[in-house]
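User: Could you take me through this model in plain words? I am new to reading structures.

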Amino acid sequence: MPLLEIKSLGINFGGLRAVNNFDLEIETGEIVGVIGPNGAGKTTIFNMLSGYYAPTDGTITFKGKLMNGLRPFQVAQQGIARTFQNIRLFPQISVLDNVRIGFHPRAGYNLVDSILHTPRFIAREAELTDQALDILATLGLEDKAYIKANGLPYGAQRRLEIARALAVKPDLLLLDEPAAGMNPAEVGRMVDLLRFVKEKFDLTVLLIEHQMGLVMPICDRLVVVDFGEVIASGLPQEIRDNPKVLEAYLGRSAVA
Amino acid sequence: MISFIQQIVNGLQLGLVYAVIALGYTMVYGIIKLINFAHGDVFMVGAFTGYFGYTLIKLPWPLALVMAMAVCAIVGVLNERIAYRPLRYAAPIAALISAIGASFFLEYFTSLKFVFGPDYIVIHPPVPDITWIIGGVRITIVQVIILGTVVVFLALLQLLIFKTKMGAAMRTVSFNHDAARLMGVDVDKTISFTFAVGSALAGMGGVLFGFAYPELWTFLGIMTGLKAFIAAVLGGIGIIPGAVLGALIMGQVEIMTAAYISSQARDAVAFAILIIVLLIRPSGILGRNELEKI
Amino acid sequence: MDKKKQVIMALASVLVLYAVLEALMMVGIVGPYWQEIMRYAMVVTIGALGLSIMYGFTGQFSLGHAAFVGIGAYAAGLFNLTFRHYGILAFLGSLVVGAVVAGVVGYLIGVPILRLKSDYLGIATLGFGFIVTNGLQNSDKLIPALGGARGMTGVPQVQGFGWYYVLVLIAVILARNFIFSTHGRACTAIRENETAADVVGVSPARTKIMAFTIGCALAGLGGALYAHNIPFLHPDSFNFLESINYLIVVVLGGLGSLTGTVITAVGWAFIWEVLRLVLGPLYDFRGVIYAIILIVIIIMRPQGVFGGIEASCLVPQIKRRKTHAAAGD
């Protein structure tokens, strides 16, 4: 059984068909890339997967469970975490707390424990803090744990967003342009980091990216989307040589 | 039936006064996304200035009206300059608190003995006491004056916004400050102008209010201003026809509640309707609900 | 300084402050008039802590906070009026009743209206505030003891400052505990970025309702104390302008700062009296001066006087460990 199974997914915004008949299956442990020109509907697919938009038609099945109709926080609790194209951290609170918020559904203590700071609260908080620091250490952010998130440089903010997503303990990680705005050296480091994180946390990854320097070395498979539909899918090398893909990216005249 | 029509006429009178005040709230909200709490107090300043215009200075009332509008325009512009402009790019709540401060300032300052004074003033409207009875429904000259003045100024406002360069600038700035700047619009000037127009309208509302409900004191602007503001929200804040629509509804709701339910419940019913409308249409009757972009 | 020492120092100063205040009251330097204002300051502090949690920390705007203070005051007042033969027990019971009733009403109104955002939520709460005041004005038609527009009298008064002081302390400690927990962090996350909070598993609806309910319960507790400080309850004491006052306190104190809320609440409760003392014959100008102070402070510190600052004795110690301890595995 695939970890994630998307069947003929589609959504309308007013009269606009933003995504149409989108199919995708992802096996546990895969890294799959979704590529395509701007406005092709990639982020819209992510928004449906994470529960922001309700699909107009089609189904999303995750670990054998139908996900349609779940709210984003419920999707997260089922084990799908994501990052955003335009970074969305909690800017005014510490790096550590940004990660600890990811533990919220599994904090292991209730509101009364919180208000009274009971022994259970104290024990669990210590554990959560430890786990958060571990995640931060993995992403090279432990020494920044006590500063505010908006004090981090851009690249570190991207990593913090991934750290926060890992705190959700996801099976599936959705990354929306993790290398946006990075130079080739930084992209290289992001490739290494993603590989490392994927192994360490036993993840399956679905990512959207424009930077071929990230997509090519890291993805097991690619799906190309244009005008809300899948126009090609296959191994990275196959996709690179596919004329339809070139056409979608460069426009019809360039190929003809 | 006749009494019902009479209530509609009374509701229209109140609604039209609310409409001119609501316009100022909605224009300011449209352009700087601020709930201008001091706007109701500008309205109060208009009511007093008009009153002193046709009593102390003995101006004919149309001139007193113009004078009140001019004074309010100046008060509104100064208010923005001093209390809001320094906070334009701070968190919106800071400007809101400053607006509350400005509101207190206008109330307390005008209630000083050498300004308008702390007492109630009873007005004798400077218009002949004429009442027509049409099919049993009483229509007063004050109502005719209110209707005429408001309609004329609404038409002028419409012309200003859609047919002049300044109006185009206002629409651009309300869309996006940076884009407006790039297009060569003087954003500061446009905002000042918006305050001037909105405040002048409030001043007009104040003078007309004085004719219709002839009892003034310097804290008059709090409740009337709030009602007008609620009307703007009801119609869809930031949208000019929405302010007028909301105000007319608000006027009817209040008068009808007072007439047929209980005059004590008029505020509660008005606010209950507001909450229900917001729950069904979170951006007001004519407001657009936009999907948040992620 | 080490955390334990800090907390002990803080508790010691709190005790010393109390001893000094009690001593001043005993020798008569602080007379009954000022004592009433001191108790009022405690009422405002507790109410403001509630708004601080719902607005300062969770970002849910309210322009109707005083209504919940009023609900707590009337509920507590009615309770103590009914059970007054039980003396101090009735007083303590009425505190619970005030908080619970306001909390329950807050929950019931919060469920539908917390779907609204920012200004619209403020407007809906404002509307609710008016409905409550209006309801209280007509309350005598349902329960004569509430007095309606004539006001409610006869609630036994509790004038021991110690009660008020201790309750503020408890409220501060509980609020602080809440803020520095996963529930408090969830609130802050909602304030900072609702979309991002949602995606990491924090339910926006539940979190907002929780914060709103707690905030309203604290308002109700403040109200319950209010009912025992002033022998005459009137709906107008909990109107829109009073809600604005709570908002001013929380914003001037600094959003997201318990320290700021407490200090500003106490300061605010005294400002009119201080202006009276300072202005003397120019007392007529107090309102103008107050307005100017408000505008000047907010222009100078738009983030509030204590924005982003928390007294370190309130911040729990976070375990720090040597960097790289867990790295490299």
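This is a predicted model: local features need pLDDT of at least 70, side-chain atom pairs count only at pLDDT 80 or more; totals for chains, interfaces and linings use all residues.

User: What is the mean pLDDT of chain C?
Analyst: The mean for chain C is 93, and 97% of its residues reach 70 or more, where pLDDT is the predictor's confidence in each residue, from 0 to 100. Over residues 325–329 of chain C, however, the pLDDT is below 50.

User: OK, new topic: how many residues do chains B and C bring to their contact?
Analyst: Chain B brings 31 residues and chain C brings 29 residues, with two residues counted as in contact if their C-beta atoms, placed from the backbone, lie within 7 Å.

User: And which part of chain B gives the most there?
Analyst: That is α4(B), with 11 residues; helices here are DSSP runs (H or I, at least four residues), numbered from the N terminus.

User: What about chain A, which domains does it have?
Analyst: Chain A is assigned domain 1 (1–79 + 170–256) and domain 2 (91–167), with bounds that come from an automatic or database domain assignment. The C-alpha centres of these two domains of chain A lie 27 Å apart, and their contact takes 10 residues from domain 1 of chain A and eight residues from domain 2 of chain A.

Technical notes. Residues are numbered from 1 along each chain as its sequence is written. Chains are lettered from A and ligands numbered from 1 in the order in which they are written. Helices (H or I, at least four residues) and strands (E, at least two) are DSSP runs, numbered from the N terminus.
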